[in-house]
Amino acid sequence: MCICVNCALVDRCTTYHAVEAQHQQPHLTLAPDFTPIEPTINVNIRTCGDEIQLEWDVVGCASFMEEQGRWSRLRPGELIPT
C-alpha cells in the first residue's frame, strides 16, 4: 500500500501526483509544489488475460511526515486507494 495516504504532504507532492496519473485517478491538486526527497516506488506487474496491469506504490520517502488518515480527510467518503 502507498504510504502517501498517511502523509501530511500528499496533496502537495509531485511524486504522488505522478502516481495518480499512472493510476488514471483524479488529482488531489493540479499544481503540486513539493518535491520529496528520495521517494521509493514499487511497481507491481500483473497480468489479467492479455492485459498487463501496473500498480505503483510509494513505499519509502525521506520527506514522509505521518498524518494518519490525511488522504481520507481530503476525499471524504471515497475508498482509499490500494
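Is Cys4 buried or exposed? Cys4 comes out as buried, at 7% relative accessibility (buried is under 20% relative accessible area, exposed over 50%, partly exposed in between, with a 1.4 Å probe and protein chains only). Keep in mind that this is a predicted model, where local features need pLDDT of at least 70, side-chain atom pairs count only at pLDDT 80 or more, and totals for chains, interfaces and linings use all residues. Residues are numbered from 1 along each chain as its sequence is written, and side-chain values use heavy atoms, with hydrogens and water left out.

**Cysteines**
- The structure has zero disulfides (a disulfide being a pair of cysteine sulfur atoms within 2.5 Å).
- For Cys4, the closest cysteine sulfur is in Cys2, and at 3.4 Å that is too far for a bond.
- Cys48 is partly exposed, with 48% relative accessibility.

**Cavity**
- There is one cavity of 30 Å³ or more. Here a cavity is a set of points on a 1 Å grid over the protein atoms alone where a 1.4 Å probe fits but cannot get out, and lining residues have an atom within 4 Å of a point. Grid points are joined across faces, edges and corners, and a volume is the space filled by probe spheres set on the points.
- The largest cavity has a volume of about 100 Å³, and of its 15 lining residues, the closest to the centre are Cys4, Cys7, Cys13, Pro36 and Cys61.

**Salt bridges**
- The whole structure has five salt bridges (a side-chain nitrogen of Lys or Arg within 4 Å of a carboxyl oxygen of Asp or Glu).
- Asp11 and Arg70 pair up at 2.9 Å, N to O. Asp11 sits in the segment before H1 and Arg70 in helix H2 (residues 70-74), so this pair ties together parts 59 residues apart in sequence. Helices (H or I, at least four residues) and strands (E, at least two) are DSSP runs, numbered from the N terminus.
- Asp33 bridges to Arg12, with the closest N and O atoms 2.8 Å apart. Asp33 is exposed at 56%, while Arg12 is partly exposed at 35%.
- Arg75 and Glu78 meet at 3.7 Å, N to O; Arg75 is buried at 14% and Glu78 partly exposed at 42%.

**Positive phi**
- Gln24 has a phi near 55 degrees, lies in the loop between helix H1 (14-22) and strand E1 (40-48), and is exposed at 73%.
- Glu38 has a phi near 50 degrees, is also in the loop between H1 and E1, and is exposed at 61%.

How values were computed: 1 Å grid on protein atoms, 1.4 Å probe; cavity = no way out; pocket = protein on both sides within 12 Å on 5 of 7 lines; lining within 4 Å.
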